[in-house]
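Please look over the sequence and the model below before reading the notes.

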Amino acid sequence: MILRKGRESDLKNVLKIEIMAYENPYWSQNMIFDVLANKTDKSLWIYEVDNDVVGFIIDMRIKYEISLLNIAIHKRLQGMGHGLKMLKKYIKTLPGKCSIYLEVNKNNIKALNMYAKLNFERVSIRKSYYTDGGDAINMQLVI
């Protein structure tokens with residue numbers, strides 16, 4: 001298992017995972033390409049198992065504040081602990097004394113349980129955050 005910086009050659013795999021992982025994917029091919037081509041203030045991290053791309057993280061860092069904008073695992077590998085392993089590996093790469101923020105759908109119980117295992121705390125609720133009108137829970141981890 002490795003976590004590495006994304007490359008433009010990862011576009012196809014990342015897009016495939018994005019489309020499979022979400023009912024209503026937010027990240028388009030152009031948006032992902034811009035991140036991989038370093039045209040934005042965001043970064044994409046690739047999670048590989050046995051040389052296969054199985055997941056990714058898109059983040060945005062401003063000094064010691066990190067926003068996790070997207071976290072996805074290939075649909076056929078969900079529920080097997082890969083999300084937790086990927087995030088643990090990601091957190092170990094971060095500088096000390098930083099805060100990580102994310103939003104998660106209030107109905108995504110599996111993700112909420114995973115974040116709880118990593119000691120993320122619920123901070124607030126964003127009403128009607130998602131395009132379907134669903135609420136998001138804001139979470140934070142201070143390391």
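The notes below go from the whole chain to single residues.

This is a predicted model. The protein is built from four helices and seven strands, and seven salt bridges are counted in it. Its radius of gyration of 14 Å agrees with the value near 15 Å that a compact globule of 143 residues would have.

**Fold and dimensions**

- Read along the sequence, the elements follow the pattern β-α-α-β-β-β-α-β-α-β-β.
- The C-alpha trace spans about 35 × 35 × 30 Å along its principal axes.
- Of the contacts between residues at least 6 apart in sequence, 55% join residues at least 24 apart.

**Surface and charge**

- Buried residues account for 44% of the 143 residues.
- The accessible surface is about 8,600 Å², and 50% of that area belongs to carbon and sulfur atoms.
- There are 22 positive and 15 negative side chains. The centres of these two sets lie 5 Å apart.

**Salt bridge between R4 and D10**

- The side chains of R4 and D10 form a salt bridge, with an N to O distance of 2.8 Å.
- R4 has a relative accessibility of 13% and therefore counts as buried, because the cut-off for buried is under 20%.
- D10, at 4% relative accessibility, counts as buried too.

**Salt bridge between E103 and R126**

- E103 and R126 meet through their side chains in a salt bridge of 3.6 Å, N to O.
- E103 belongs to strand β5 (residues 99-105) and R126 to strand β6 (residues 121-126), so this pair ties together parts that are 23 residues apart in sequence.
- E103 is partly exposed, at a relative accessible area of 28%.
- R126 is partly exposed as well, at 38%.

**Salt bridge between K127 and D135**

- K127 and D135 form a salt bridge in which the closest N and O atoms are 3.5 Å apart.
- D135 is buried, with a relative accessible area of 9%, whereas K127 counts as exposed at 62% relative accessibility.

**E18 in helix α1**

- E18 sits in helix α1, which covers residues 11-21.
- With a relative accessibility of 1%, E18 counts as buried, because that value falls under the 20% cut-off.
- Leaving aside residues up to four places away in sequence, E18 touches P25, Y26, W27, I32, F56 and N70.
- S28 is 10 residues from E18 in sequence, and the C-alpha atoms of the two are 8.7 Å apart in space.

**Points to take away**

- Among the seven salt bridges, the R4 to D10 pair has both partners buried, with R4 at 13% relative accessibility and D10 at 4%.
- The E103 to R126 pair links strand β5 with strand β6.
- E18 is a buried residue of helix α1, and its contacts include W27 and F56.

How values were computed. Residues numbered from 1 in each chain as written. Predicted model: local features only at pLDDT ≥ 70, side-chain atom pairs only at ≥ 80, totals over all residues. Heavy atoms only, no water. Salt bridge = Lys/Arg side-chain N within 4 Å of Asp/Glu carboxyl O. Buried < 20%, exposed > 50% of the residue type's maximum accessible area, 1.4 Å probe, protein only. Helix = DSSP H or I, 4+ residues; strand = E, 2+ residues; numbered from the N terminus. Rg over C-alpha atoms; globule rule 2.2 N^0.38 Å. Contact = heavy atoms within 4.5 Å. Areas by Shrake-Rupley, 256 points an atom, 1.4 Å probe, with all protein chains shown as cover. Lys, Arg positive; Asp, Glu negative; His and termini not counted. Charge placed at Lys NZ, Arg CZ, Asp CG, Glu CD.
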